[in-house]
Amino acid sequence: MPLHEYNTVNTLNNIKDDALIRLVYVSRLTFKSRFKPAIFNTVEREARKYNQQNGITGILCYGDGNFLQCLEGRKEVLLPLVQDIFDDSRHGKPRILLIKPIVHRDFENWGMRLMFLERWLWSPETKKQADTLSKFLPFKPNKWNEENTEEFLQAIRKIETPPHVQESGITLNALGNMIQHFVGPHQAFILVQGVLSILLIFAIFILLK
């Protein structure tokens, strides 16, 4: 498990149990979970409830099949939570990107907000104010180091109104808008891409005849 990795253990051993820390991990949404429309609402609801009860703050991000979560709280409270997350069947290939003691919280007023980092879900207004996130898209945090992670968190803190499917009035393209009433937004994207791929293959076949 990631919490047992050599570097992670060394870092944690040098931090007191009651110390305030920031911990950032990344994981992949498992294939089976991608076909559950309510997956994001469920994860966000669980995170909000538990974290409010245990004095944990932070931000939860999703994009391109990846979760990234920044957690701020006492070490003795965060570690059991993170281990539970890593044992959760909805999360695959978990990896810790950052652990460090902090003096103050940077996401104290965020309420464990869920932020979608997929441009096709964003409204034009969101795209303008989220320009600082462009360099992090497509969203592949599993390849980041500590420096990349810190830079991303700084960019996130500059967002006033987060890119969110339900809160930002986000519009889909015509085909996606038609099917979003029957499936979740992430599934709509998969279906749209599938249809476009079929149309592309058909067009190539016609041209080669």
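Here are some questions and answers about this predicted model.

User: What pLDDT does the protein chain average?
Analyst: Let's start with confidence. Of the residues, 66% score at least 70. Over residues 164–184, though, the pLDDT is below 50, and this stretch has 36 contacts in the model beyond near neighbours in sequence. Where pLDDT is low, the predicted coordinates should not be read in detail. For the protein chain, the average pLDDT is 75.

User: Strand 1 pairs with strand 4 in the antiparallel sense, but over how many bridges?
Analyst: Strand 1 (20–29) is mostly covered, with nine of its ten residues buried. Strand 3 runs antiparallel to strand 1, and nine bridges join them. With strand 4, the number of bridges is eight.

User: Is Asp64 buried, partly exposed or exposed?
Analyst: Asp64 sits in the loop between strand 2 (57–63) and strand 3 (66–74). Its phi is positive, about 55°, although Asp64 is not a glycine. Most residues other than glycine have a negative phi. Because its relative accessibility is 33%, Asp64 counts as partly exposed.

User: Which two residues does a cis peptide bond join?
Analyst: Look in the loop between helix 4 (124–129) and helix 5 (146–157), the place of Pro138. Most peptide bonds are trans. Here omega is about 0°, and the cis bond joins Leu137 and Pro138.

User: How far does helix 5 reach from its first C-alpha to its last?
Analyst: Helix 5 has twelve residues. At 1.5 Å a residue, 16 Å would be expected, and the model comes close to that. The reach is 17 Å.

User: Which strands do the buried residues of helix 5 pack against?
Analyst: First, the residues themselves: Thr149, Glu150, Phe152, Leu153, Ala155 and Ile156 are the buried ones. They pack against strand 1, strand 2, strand 3, strand 4 (91–101) and strand 5 (113–116).

User: What is the centre to centre distance in the aromatic pair of Phe136 and Phe152?
Analyst: The structure holds seven aromatic pairs. In this one, the planes are 80° apart, and the pair is edge-to-face. Phe136 is in the loop between helix 4 and helix 5 while Phe152 is in helix 5, 16 residues apart. Both are buried, and their rings lie centre to centre at 5.3 Å.

User: How many Å apart in space are Asp131 and Ala155, C-alpha to C-alpha?
Analyst: Asp131 lies in the loop between helix 4 and helix 5, and counts as exposed because its relative accessibility is 51%. Ala155 is among the buried residues of helix 5. In sequence they are 24 residues apart, and in space the C-alpha to C-alpha distance is 9.4 Å.

Key
Residues numbered from 1 in each chain as written. Predicted model: local features only at pLDDT ≥ 70, side-chain atom pairs only at ≥ 80, totals over all residues. Heavy atoms only, no water. Helix = DSSP H or I, 4+ residues; strand = E, 2+ residues; numbered from the N terminus. Buried < 20%, exposed > 50% of the residue type's maximum accessible area, 1.4 Å probe, protein only. Expected span 1.5 Å × (residues − 1). Contact = heavy atoms within 4.5 Å. Phe/Tyr/Trp six-rings, centres within 6.5 Å; stacked < 30°, edge-to-face > 60°. Pairing = 2+ DSSP bridges. pLDDT = per-residue confidence, 0-100.
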